[in-house]
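Please look over the sequence and the model shown here, and then read the briefing that follows, which is grouped by topic.

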Amino acid sequence: MGQVLKVLVVDDSALIRKVLSEVISSDPRLTVVGTAAEPYEARDKIKALAPDVVTLDIEMPKMDGITFLKNLMRLHPLPVVMLSTLTAKGADETLKALELGAIDFIQKPQLGAAGMVGEFAQTLNDKVAAAGVLKSRLVKRAPQLSVPVAPQANTAPPSAGEGKELIVIGSSTGGTEALSDLLMHLPDQMPPIVVAQHIPATFSERFAKRLNEKVPLSVVEAQHGQTLQRGMAYIAPGGFQLRISRHGAALKCQVTDDEPVNRHKPSVEALFDSVVAARVPKVLAVMLTGMGSDGAAAMLRLKQSGAYTIAQDEESSLVWGMPGSAVKLGAADEVASLNKIPRSLLQRLR
């Protein structure tokens, strides 16, 4: 058993502090060394207690969580897991927190909801434990060496991709930032790109909008029955499965509210396996940073069906779970740092 990770819980609600402390303390990997009700108290406790991980509420008195996080990352970088509300405002602020350097986030528990706390406890403790392991490498996030493609005015209307070429991407922890970096370096006339990122409902729509403002491609949250088009990237909606199906020459999005696959909705495995079934002549598949192994076995099936597969390397991944699992299975034709993947994709398309 490795070293027990020290956790500081920061939340303005005494009840939430109590629930989080009990949940985290129940895990042998973790111990709660202190709690704080607001950022100034949190700052003093970080100095006094030297925690390995901080859980941080976004909405707090005296100073909001985003401002506190910004100061923390500048002065004393630590792994932070954000506690987020499921509102549109909560989604925007959480995505901002990930941009600023928070490792991960989790929805606040709905106290009293039957079964909610059990599922919440497992997820919270896994995320906190994964974040704690990253303390030593937090300060050196993957350097971006390549220059972003300047967004061009996309005058040509997106054309249907005739179902001949497709790029599929799977990602989880650290994936919102990795996807942003990757898509920033791709021109606007790519074959359709379909993404399964582990993300809750309401977050996926805000995430797609944020990407759409930043990258050359047009980015949307996938809708059921949408025909895939060149120059477009489709983000799986949180809380649903996204699959691709063939309709004559066209490929379409199938968005369904069915069972989780590998505990996930959306699941990378569900998306990748649907692409195998759709028999697309040219498929490029990418596995980005993420906890766990969702999609690794399906990536091997994609490779065996003729797709070219790329896994993000350990050095540039925030968490080398999903790409590492793909590599161990022999599912990756290529293992590349995040800043080399755009070039690989463009070379394969030529």
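Phenylalanine 105 is buried, with a relative accessible area of 7%, where buried means under 20% relative accessible area, exposed means over 50%, and partly exposed lies in between (1.4 Å probe, protein chains only). This is a predicted model, in which local features need pLDDT of at least 70 and side-chain atom pairs count only at pLDDT 80 or more, while totals for chains, interfaces and linings use all residues. Residues are numbered from 1 along each chain as its sequence is written, and side-chain values use heavy atoms, with hydrogens and water left out.

**Aromatic rings and charges over rings**

- The structure holds 1 aromatic pair, a term used for rings of Phe, Tyr and Trp (its six-membered ring) whose centres lie within 6.5 Å, with planes under 30 degrees apart counted as stacked, over 60 as edge-to-face and the rest as tilted.
- The partners are phenylalanine 105 and phenylalanine 203, which are stacked at 4.9 Å centre to centre with 0° between the planes.
- Phenylalanine 105 belongs to strand S5 (residues 104–107) and phenylalanine 203 to helix H7 (residues 203–214), so the pair ties together parts that are 98 residues apart in sequence; helices (H or I, at least four residues) and strands (E, at least two) are DSSP runs, numbered from the N terminus.
- Phenylalanine 203 is buried, with a relative accessible area of 0%.
- Lysine 127 lies over the face of phenylalanine 105, at 5.5 Å from the ring centre, and a charge is taken to sit over a ring if NZ of Lys or CZ of Arg is within 6 Å of the ring centre and within 35 degrees of the ring normal.
- Over the ring of tyrosine 308 sits the charged end of arginine 348, 3.7 Å from the ring's centre.

**Salt bridges**

- The structure holds 20 salt bridges, each being a side-chain nitrogen of Lys or Arg within 4 Å of a carboxyl oxygen of Asp or Glu.
- Lysine 127 forms one of them with aspartate 104, the closest N and O atoms being 3.3 Å apart, and this pair links distant parts of the chain, with aspartate 104 in strand S5 and lysine 127 in helix H5 (residues 116–133), 23 residues apart.
- Aspartate 273 and arginine 301 meet through their side chains in a salt bridge of 2.9 Å, N to O; aspartate 273 lies in helix H8 (residues 268–278) and arginine 301 in helix H9 (residues 296–304), so parts that are 28 residues apart in sequence are tied together.
- Aspartate 273 counts as partly exposed at 26% relative accessibility, and arginine 301 counts as partly exposed at 34%.
- Lysine 303 forms a salt bridge with aspartate 333, the closest N and O atoms being 3.9 Å apart; lysine 303 lies in helix H9 and aspartate 333 in the loop between helix H10 (322–328) and strand S14 (334–336), so the pair ties together parts that are 30 residues apart in sequence.
- Lysine 303 is partly exposed, with a relative accessible area of 28%, and aspartate 333 is partly exposed, with 36%.

**The cavity**

- The structure holds 1 cavity of 30 Å³ or more, and the largest cavity has a volume of about 70 Å³.
- On a 1 Å grid over the protein atoms alone, a cavity is a set of points where a 1.4 Å probe fits but cannot get out, a pocket is an open set with protein on both sides within 12 Å along at least five of seven lines, and lining residues have an atom within 4 Å of a point.
- Grid points are joined across faces, edges and corners, and a volume is the space filled by probe spheres set on the points.
- The lining of the largest cavity includes Leu95, Glu99, Thr176, Phe207 and Arg210, and the elements that give two or more residues to this lining are helix H4 (88–100), helix H6 (175–184) and H7.
- H7 gives the most to the lining of the largest cavity, with 4 residues.
- By class, this lining has 3 nonpolar, 2 polar and 4 charged residues, where Ala, Val, Leu, Ile, Met, Phe, Trp, Tyr, Cys and Pro count as nonpolar, Asp, Glu, Lys and Arg as charged, and the others, Gly among them, as polar.

**The second largest pocket**

- The second largest pocket has a volume of about 220 Å³, and among the residues that line it are Pro39, Tyr40, Arg43, Phe68 and His76.
- Helix H2 (39–49) and helix H3 (65–75) are the elements that give two or more residues to the lining of this pocket, and the largest share, 5 residues, comes from H2.
- The lining of the second largest pocket divides into 7 nonpolar, 2 polar and 2 charged residues.
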